[in-house]
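Subject: Handing over a structure

Dear colleague,

I am passing on a structure for you to look through, and below it I have written out what was found in it. Please keep the picture open while you read, so that you can find each place as it comes up.

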Amino acid sequence: MKLGKYKIETLQTGTFGLDGGAMFGIVPKPLWARTNPADEKNRITLGARCLLLQSDSKKIIVDTGIGQYWDEKFSKIYRVNQSENTLEKSLSEKGIQTSEITDVILTHLHFDHTGGSTKLENDKFVPAFENAKYHVQLKHFDWAMQPSERDRASFVVNRFEPLAQQGVLNFVSLENQFDDEIEFIPINGHTFSQQMLKISDSSNTFLYCGDLMPTSSHVPVPYVMGYDLQPLVTVAEKKEYLGKAVDENWKIIFEHDPEIVCATIQKTERGFDLNEKFTELV
Ligand SMILES: [Zn+2]
């Protein structure tokens, strides 16, 4: 689909599994399991949907999925399945080499968003996109380098620190307008200074909302992940951006939904809910 100067597409990068209880916080299992069936270890299936935006001068990737090179223990715990898709495979199916990527925008540095940012070369992690500039919020990078005991397991430092060491990280701090179409929106409920992307032209607006609402099941306001550092901030942020999505007819893109790519939102007497659901970007 075309949006301003960009052709915008999704990239599938495999699936993984996380504990359904942790994914839905205080929501009882009979409610979330209807749309997200759990396996024998209580894990639900999550996608890792990245974006590819191409203009005449840029090829941009948004988030990089869980990536490869995980050991057996990690792959088992998180049920990493890349038998059908990896980021590299999805790109090469579109005829794109990793060297052609000009920019990688990272919503945040949790391993399921930044795992594919680096690759293993001679026992060392190096940038996977050799000519790209990587963009992340400065405050988030600072937090990721020194997280709390509670969220430390979500940051696998050797998957993103090499980007800083190689000097390819651009730290976003003040200017959140990337260009005419792309705006970064920092939010703080899930982790500190995660950046969502608002991608718009005069007729359409997409919100790539990262882990504010990882799946379409997370649209109702109380459906907040147990992982979130500041759940009441997430509640306020969801109300703000879901309200805008209703008022301005935005489509929300769900990074981790295994099936639904994006949706419009409606407000009913019971609160915010999905309106039209789509299995491709339209
Ligand atoms: Zn996250």
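Before we begin, a word on strands: a strand here is a DSSP run of at least two E residues, and the strands are numbered from the N terminus. Please also bear in mind throughout that what you are looking at is a predicted model.

I199 counts as buried, because its relative accessibility is 0% and buried means under 20%. If you look across from I199 to E181, you will find the two C-alpha atoms 5.3 Å apart in space, although 18 residues separate I199 and E181 in sequence.

The metal site comes next. Which residues hold the zinc ion? It is coordinated by H108 through NE2, H110 through ND1, H190 through NE2 and D211 through OD, at 2.1 to 2.2 Å. Along the chain these donors follow the spacing H-x1-H-x79-H-x20-D. H108 sits in the loop between β5 (103–105) and α5 (111–114), while D211 sits in the loop between β12 (205–208) and α8 (231–248), so this pair ties together parts that are 103 residues apart in sequence. Both H108 and D211 are buried. As for the geometry, the angles between the four donor atoms around the zinc ion run from 91 to 169°, which makes the arrangement irregular. For comparison, the ideal angle for four tetrahedral donors is 109.5 degrees.

Strand β1 (residues 2–3) and strand β2 (residues 6–19) run antiparallel and are joined by two bridges, and K2 has K7 of β2 as its bridge partner. The hairpin of β1 and β2 has two residues between the strands, and in it G4 takes a positive phi near 60°.

Elsewhere the pairing is parallel. Strand β8 (residues 133–137) has four of its five residues buried, so it is largely enclosed by the rest of the structure. β8 pairs with β5 in the parallel sense over three bridges, with V104 finding its partner in Y134 of β8. β8 also pairs in the parallel sense with strand β9 (residues 169–172), over four bridges, and there Q137 has V172 of β9 as its partner.

Two residues deserve a look for their backbone angles. Most residues other than glycine have a negative phi. D63, however, has a positive phi near 60°, and N122 has a positive phi near 50°. D63 is found in the loop between β4 (59–62) and α3 (72–77), whereas N122 lies in the loop between β6 (118–121) and β7 (124–127). Which of them is buried and which is exposed? D63 is buried, with a relative accessible area of 0%, while N122 counts as exposed at 76% relative accessibility.

How many disulfides does a search of the whole structure find? The search finds zero. The sulfur of C209 has its closest cysteine sulfur in C262, and at 11 Å that is too far for a bond, given that a disulfide needs the two sulfur atoms within 2.5 Å. C209 is buried, with a relative accessible area of 0%, and C262 likewise counts as buried at 0% relative accessibility.

Finally, turn to the largest pocket, which holds about 490 Å³ of space. Its lining is made up of 18 residues, of which S217, P220, Y223, R270 and D273 lie nearest the centre. Strand β15 (residues 271–278) gives the most to this lining, with five residues.

With best wishes

Note on methods
Residues are numbered from 1 along each chain as its sequence is written. This is a predicted model: local features need pLDDT of at least 70, side-chain atom pairs count only at pLDDT 80 or more; totals for chains, interfaces and linings use all residues. Side-chain values use heavy atoms; hydrogens and water are left out. Donors are N, O and S atoms within 2.8 Å of the metal (3.2 Å for Na, K and Ca); water is not among the atoms, so sites may look incomplete. Four donors count as tetrahedral if all angles lie between 85 and 135 degrees; four count as square planar and six as octahedral if opposite donors are over 155 degrees apart and all others between 65 and 115; anything else is irregular. Buried means under 20% relative accessible area, exposed over 50%, partly exposed in between (1.4 Å probe, protein chains only). Two strands pair if DSSP finds at least two bridges between them. On a 1 Å grid over the protein atoms alone, a cavity is a set of points where a 1.4 Å probe fits but cannot get out, and a pocket is an open set with protein on both sides within 12 Å along at least five of seven lines; lining residues have an atom within 4 Å of a point. Grid points are joined across faces, edges and corners, and a volume is the space filled by probe spheres set on the points.
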